[in-house]
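Some terms used for a protein model rest on cut-offs and rules.

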Amino acid sequence: MMVIETDVLVIGAGPAGSTAAKHAASGGAKVLLMDKKSEIGAPKRCAEGVSNGGLESLGIEHNPRWITRQLDGVRLISPDGTNVWLTSDKVDLPEAGCILERKVFDKYMAMDAGRAGAEIKIKTLATSMERVEEGFLVDAECMGEKFQIQAKIIIAADGPESRVARWAGLKTAVKPKDMESAAQFEMAGVEMEDNNCIEFYFGSVAPGGYAWIFPKGDDIANVGLGVLTTNTDKTAYDHLLDFVKNCPATQNAQPVELNIGGDPVGGMPKKLVTDNLMVVGDAAGQVNPLTGGGIISGMTGGMIAGKVAAEAINEGDLSENKLKEYETTCRAEIGDSINKYLKVKDYMMTLNDDELNSIADTFKDSDFEKISTAELVKKLIKVSPKALLKLGKVF
């Protein structure tokens, strides 16, 4: 059987994996990036929103080929329909962002990895792996052909249902209470009040999560929601059908795409590395537990892992102790934030529809100077004694 040798094998070519491959290759390592899908970026697994500042922190310049909409604000909708509008003409929006076209964006990130020197294999599935003297030997399959890949370092970027890290002995399995089940339509004919703003709907419309409408064009939007299956007897898809039927913006819209999948919202596992292996992105729980967004945080994890992998190869030290530099840096840069928002998410889970209505009623008449996720939580603490008790020491 053919055996391919490489320094670094990245399994999964989502944004986190491609970023890891790019930085590992830029650092001089021989890199192989593989993905089980025949088209990188499809099907998409998220609402496609990112912050402009997040892209800048990764050194990524905006490209109109993969941006569908620049955003100008946020609309929050409580269970009784109370609106809280937060738009740039009224408040500073330091986390202003844009909506991506993931099918294009993900390919561009993989192309960047290729330009940095990584070899890319699509429609290539890792079926198992075993530890060998100098790393791991991975059994792989592409278009019916079976072969093996011997890698000194593996970067597991194979998504929320990651098997690769578990094959290496890491405990990355996500408990049901920490895995949101999400369903989303891309729809045409969506009638938003302001299609430059993203919309969030809270309360029993999406138990354990929230519903969203993210505009991608004049009447095109991602319409979805995430729920915790431990909080409802219905599926995310059934909740989505109800939402689309009852929401004024979507009652006359038609779906052109359906996406269903899990979103890990329980934070990062205790260990992200072992000898010869690091785990990044959704596979490492690098997702904001409050918003469910994980593109920027996953790419940040990927960037750190790629740099550490290149250093490890150059130094000839592939030990867990060396690779822990990734874990330590990662927890410092994104781990504290994830832990904070995990507490906020747990607090939000305790609120019923009446309490959410009361908070929205207070927010709609409040003066905000600037708005970010953190600023909203700080405002929440000011208006809610219950929030002060739960979150006052965190923010």
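This is a predicted model: local features need pLDDT of at least 70, side-chain atom pairs count only at pLDDT 80 or more; totals for chains, interfaces and linings use all residues.

Q: How does the lining of the second largest pocket divide by class?
A: Eleven of its residues are nonpolar, seven are polar and nine are charged. Among those nearest the centre are A173, M268 and P269, and Ala, Met and Pro count as nonpolar. D178 and G266 also lie nearest the centre; Asp counts as charged and Gly as polar.

Q: Why are α6 and α7 called roughly antiparallel?
A: Helix α6 (residues 295–315) packs against α7 at an angle of about 155 degrees, and their axes are 9 Å apart. Angles over 145 degrees count as roughly antiparallel, so α6 and α7 are roughly antiparallel to each other. Their crossing is right-handed.

Q: Which residues of α6 and α7 meet?
A: From α6 the contact takes in S297, T300, G301, I304, A305, V308, E311, A312 and E315, and from α7 K322, L323, E325, Y326, T329, C330, E333 and I334. By class, this contact has eight nonpolar, four polar and five charged residues.

Q: Why is α1 called roughly parallel to α6?
A: The axes of α1 and α6 cross at roughly 30 degrees and come within 7 Å. Angles under 35 degrees count as roughly parallel, and that makes α1 roughly parallel to α6. The crossing in which α1 passes α6 is right-handed.

Q: Which residues make the contact of α1 with α6?
A: P15, A16, T19, A20, H23 and A24 in α1 meet I295, G298, M299, G302, M303, G306, K307, A309 and A310 in α6. The contact has nine nonpolar, five polar and one charged residues by class.

Q: How many cavities of 30 Å³ or more are counted?
A: The count comes to one cavity. The largest cavity has a volume of about 50 Å³.

Q: What lines the largest cavity?
A: Its lining consists of T19, K22, H23, L58, I60, M109, D112 and M299. The largest share, three residues, comes from α1, and α1 (15–26) and α3 (102–115) each supply at least two residues. By class, four are nonpolar, two polar and two charged. T19, H23 and M299 also take part in the contact of α1 with α6.

Q: Which form, cis or trans, does the peptide bond from A42 to P43 take, and where does P43 lie?
A: The bond is cis, with omega near -5 degrees. P43 lies in the loop between β2 (31–34) and β3 (49–51).

Q: What is the phi of M143, and where does M143 lie?
A: M143 has a positive phi of about 50 degrees although it is not a glycine. The loop between β10 (135–142) and β11 (145–156) holds M143.

Terms used
Residues are numbered from 1 along each chain as its sequence is written. Side-chain values use heavy atoms; hydrogens and water are left out. On a 1 Å grid over the protein atoms alone, a cavity is a set of points where a 1.4 Å probe fits but cannot get out, and a pocket is an open set with protein on both sides within 12 Å along at least five of seven lines; lining residues have an atom within 4 Å of a point. Axes are lines fitted to C-alpha atoms, for helices over the stretch in contact, and angles run from 0 to 180 degrees between N-to-C directions. Helices (H or I, at least four residues) and strands (E, at least two) are DSSP runs, numbered from the N terminus. Angles under 35 degrees count as roughly parallel, over 145 as roughly antiparallel, 65 to 115 as roughly perpendicular and the rest as oblique. A crossing is left-handed if the near helix is turned anticlockwise from the far one by less than a right angle, and right-handed if clockwise. Contact means heavy atoms within 4.5 Å. Grid points are joined across faces, edges and corners, and a volume is the space filled by probe spheres set on the points.
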